[in-house]
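User: Hi! Could you walk me through how to read a few features of a structure, one at a time?

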Amino acid sequence: MTFRSPVSEYEFLLNHIIGFDRVAATERFSEASDDMVSAILNEAGKMCDEVMAPLQRPGDLNPAYLENGVLRTSPGFAEGWNAIAEGGWIGMSAPQEHGGMGLPMTLTSAVNEMMSGACLSLQLAPLMSQGQIEALDHHASDALKELYLPKLISGEWTGTMNLTEPQAGSDVGALSSKAEPNGDGTYAVSGQKIFITWGDNDFAGNICHLVLARLPDGAPGTKGISLFLVPKYLPDENGVPGKANSLKVVSLEHKLGIHGSPTCVMQYDGATGWLVGKEHGGMAAMFTMMNNARLGVGGQGVGVAEAAYQQALAYATERKQGKTPSGTIADHADVRRMLMEMKADVFASRAILLSCAQAIDMAAATQEPECAARAAFLTPIAKAFGTDTGIRVAETGVQVHGGMGFIEETGAAQFCRDVRVTSIYEGTNGIQAMDLVARKMMDGGEMANRLMDEIEEQAERARQVYPNMAEAVWQACESLREATDWLVAQEDLQNRFAGAVPYLRAFARVLGGHFHLMAAMADQGGAREKLARFYVKRMLPEHAGLLQHAQEGIEGVMALTLEELAN
């Protein structure tokens with residue numbers, strides 16, 4: 001199958017749906033003209049289609065491996081990395097003073113999504129570097145910035161994040177890694193970390209690890225954690241990688257998918273590191289990187305969904321079976337239903353993702369608290385719904401292929417295997433939902449209600465053209481508002497958490513209806529109107545059951561004892 005980057009989709013969303021013109025109108029991003037944006041998207045699409053997409057299957061069939069302690073990457077991945085680095089795609093949104101382009105995160109999100117659809121295993125490498133670049137830019141000392149940022153931005157060096165330990169998964173505060181002051185401004189970092197994406201490679205001059213560890217006087221839990229930059233090779237006085245640091249890759253995880261991406265078990269034995277941010281302030285610095293990655297991982301889900309949809313559509317329009325107008329399975333009602341659902345949800349999840357990125361850009365350009373609050377609220381929805389969509393669309397793609405989807409040679413199953421981890425990465429989707437109904441509603445639901453006001457205002461504007469669709473979106477939003485009020489009223493957070501996942505999905509469903517309605521208004525009588533009608537009539541109604549589930553509270557969830565669950 002030949003992957004084709006959906007450049008025209010991004011251009012439509014930027015021009016008609018998410019309000020990118022407001023980003024380009026700011027002083028900070030004034031250079032992001034229509035011509036520049038089009039050139040960037042087309043050039044990135046060309047690189048994805050011609051360089052990265054051909055690496056998708058080889059990366060799966062020829063995984064990264066350790067050879068006498070040396071990591072060997074999949075064939076062609078070094079050349080793929082070089083193309084990404086030379087094109088400047090790693091540092092798109094990075095600060096210009098250190099070699100970045102300083103472009104809006106909205107454009108970076110679009111390019112990252114294209115790269116994810118082309119080859120997710122390889123795209124994970126620049127995503128990790130991008131997160132580290134942002135963390136260092138916000139929290140590192142000037143000396144660390146001057147040394148590390150230009151090399152990370154150029155792709156000469158790569159970055160990782162080291163949070164998880166065997167005994168400390170989502171409960172980061174349970175980590176046991178330690179850091180001892182060396183007396184010269186550096187620290188000796190010791191401990192083991194697992195699930196380290198791209199923890200090593202054979203194409204970068206240095207690998208820079210951001211490692212969470214506890215200082216001797218660090219308090220228990222997350223409040224006592226600090227963040228350290230620990231390079232594979234210690235730079236000399238000229239910034240040239242020299243002596244090997246006291247760290248190593250113990251092993252590579254044997255995974256369900258993303259075989260081309262080496263997931264490492266890392267061991268640090270008194271490795272030399274530098275403090276990033278304040279002592280005991282590691283979580284604040286790491287969350288900068290994690291929030292960047294959460295948006296990126298949401299884009300990975302959307303990107304894989306796009307690729308799985310393209311392959312399913314190509315197969316369906318070629319597979320001869322039954323008496324249909326085209327002679328192919330694409331004209332069977334149920335196959336067409338699956339294709340329509342796939343396409344509709346790819347659009348909805350992509351619109352949510354780019355809307356979140358647009359809010360991040362507006363917050364950066366204007367420093368307005370409301371923009372920052374909007375971005376924070378949309379982040380868990382973009383991450384969870386984007387990755388859930390990737391999983392659902394990839395699974396449906398296998399179904400469209402029928403028996404051939406279960407055969408590895410077609411590549412349909414690889415999308416399922418690769419994308420499955422995205423709902424776990426950077427905080428599981430359950431954690432995203434809990435964050436949405438708890439931390440993101442500490443304002444009493446104000447941000448949620450402002451978003452719902454926008455949805456209803458748009459529905460009112462659409463009534464004269466599409467009265468039935470507009471009414472459906474408006475009514476769904478009212479139901480969402482009632483459920484939001486119920487959640488905010490629950491002082492026992494367990495009552496919120498029990499219905500957090502269905503609530504997040506319902507919010508995404510309503511946002512999807514909102515964006516589809518906007519698309520219909522921009523393409524009256526066209527294909528987007530037809531797709532919007534399908535979504536609003538057949539997929540939006542799911543919100544009702546989800547919201548009922550969300551408001552049932554904790555009691556039913558805990559109704560069975562552990563013994564009864566076992567029996």
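Analyst: Happy to. A disulfide here is a pair of cysteine sulfur atoms within 2.5 Å. One word on the source: this is a predicted model, where local features need pLDDT of at least 70 and side-chain atom pairs count only at pLDDT 80 or more, while totals for chains, interfaces and linings use all residues. Residues are numbered from 1 along each chain as its sequence is written, and side-chain values use heavy atoms, with hydrogens and water left out.

User: How many disulfides does that rule give?

Analyst: In general, a disulfide is a covalent bond between the sulfur atoms of two cysteines. Here the count is 0. For Cys 356, the closest cysteine sulfur belongs to Cys 371 and is 12 Å away, so it is too far for a bond. Cys 208 has its closest cysteine sulfur in Cys 264, at 15 Å, again too far for a bond.

User: Is Cys 208 buried or exposed?

Analyst: Buried means under 20% relative accessible area, exposed over 50%, and partly exposed in between, using a 1.4 Å probe and protein chains only. Cys 208 has 0% relative accessibility, so it is buried. Cys 356 is buried too, at 0%.

User: What describes a pair of aromatic rings?

Analyst: The distance of the centres and the angle of the planes describe such a pair. Rings of Phe, Tyr and Trp (its six-membered ring) pair if their centres lie within 6.5 Å; planes under 30 degrees apart are stacked, over 60 edge-to-face, and the rest tilted. This structure holds 7 aromatic pairs. In one of them, Trp 81 and Phe 203 have centres 5.4 Å apart and planes at 20 degrees, so they are stacked. The two residues are 122 residues apart, with Trp 81 in helix H5 (77-86) and Phe 203 in the loop between strands E5 (187-197) and E6 (206-214). Helices (H or I, at least four residues) and strands (E, at least two) are DSSP runs, numbered from the N terminus. Trp 81 is buried at 0%, and Phe 203 is buried at 15%.
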